[in-house]
Amino acid sequence: QVSLVESGGGLVQAGGSLRLSCAASGRAHMAWFRQAPGKEREFVAAISWSGGITDYGDSVKGRFTISRDNAKNTMYLQMNSLKPEDTAVYYCNADGTFFKGTYYLNSASWGQGTQVTVSS
């Protein structure tokens, strides 16, 4: 099982940017999910182990970019044009599967989460 450590969250004004990082103990398909208070967990973005496949949730397309550096076993989420509705705890998931371009999470492999707060 891959262990994960997220970092990079914080407080930012609407329209600003943040970059999240997720350091993994091994190479695997990886993804970001988020959960806001009182809401269900939401898929944000995913990337294959090679970086050749990416997938995004509809609410972040065109604003967020997922990438990875396999030399460092680290995944990134560049978040631009942030909105108050992006406020949530962001979690890293690893070792899921891709099927027809869609990422299916591994329920046993989560990081501890990092808080992102966007003020209006």
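This is a predicted model: local features need pLDDT of at least 70, side-chain atom pairs count only at pLDDT 80 or more; totals for chains, interfaces and linings use all residues.
Visitor: Why is Phe 33 called buried?

Guide: Phe 33 has a relative accessible area of 6%. Buried means under 20%, so Phe 33 is classed as buried. Phe 43 is buried as well.

Visitor: What makes Trp 110 partly exposed?

Guide: The relative accessible area of Trp 110 is 26%.

Visitor: How many aromatic pairs does a search of the whole structure find?

Guide: The search finds five aromatic pairs. One of them joins Phe 33 and Phe 43, with ring centres 5.5 Å apart and planes at 70°.

Visitor: Why is the pair of Phe 33 and Phe 43 called edge-to-face?

Guide: Rings pair if their centres lie within 6.5 Å, and planes over 60 degrees apart count as edge-to-face. With centres 5.5 Å apart and planes at 70°, Phe 33 and Phe 43 meet both conditions, so the pair is edge-to-face. Phe 33 belongs to strand 4 and Phe 43 to strand 5 (residues 42-47), so this pair ties together parts that are 10 residues apart in sequence.

Visitor: What makes the pair of Phe 33 and Trp 110 edge-to-face?

Guide: The centres of these rings are 5.3 Å apart and their planes stand at 75°, so the pair is edge-to-face by the cut-offs of 6.5 Å and 60 degrees. Trp 110 lies in the loop between strand 11 (102-104) and strand 12, so its pairing with Phe 33 in strand 4 ties together parts that are 77 residues apart in sequence. Both Phe 33 and Trp 110 belong to one aromatic cluster, together with Phe 43, Tyr 91, Phe 98 and Tyr 103.

Visitor: How do you know that Arg 41 lies over the face of Phe 33?

Guide: Arg 41 is placed at 5.9 Å from the ring centre of Phe 33. The distance condition is within 6 Å, and CZ of Arg must also be within 35 degrees of the ring normal. Arg 41 is accordingly listed as lying over the face.

Visitor: What makes strand 2 (10-13) and strand 6 (54-56) edge strands?

Guide: The open sheet has six strands in the order 2-12-9-4-5-6, with mixed pairing. Strand 2 and strand 6 each pair on one side only, and they are the edge strands.

Note on methods: Residues are numbered from 1 along each chain as its sequence is written. Side-chain values use heavy atoms; hydrogens and water are left out. Two strands pair if DSSP finds at least two bridges between them. Helices (H or I, at least four residues) and strands (E, at least two) are DSSP runs, numbered from the N terminus. Rings of Phe, Tyr and Trp (its six-membered ring) pair if their centres lie within 6.5 Å; planes under 30 degrees apart count as stacked, over 60 as edge-to-face and the rest as tilted. Buried means under 20% relative accessible area, exposed over 50%, partly exposed in between (1.4 Å probe, protein chains only).
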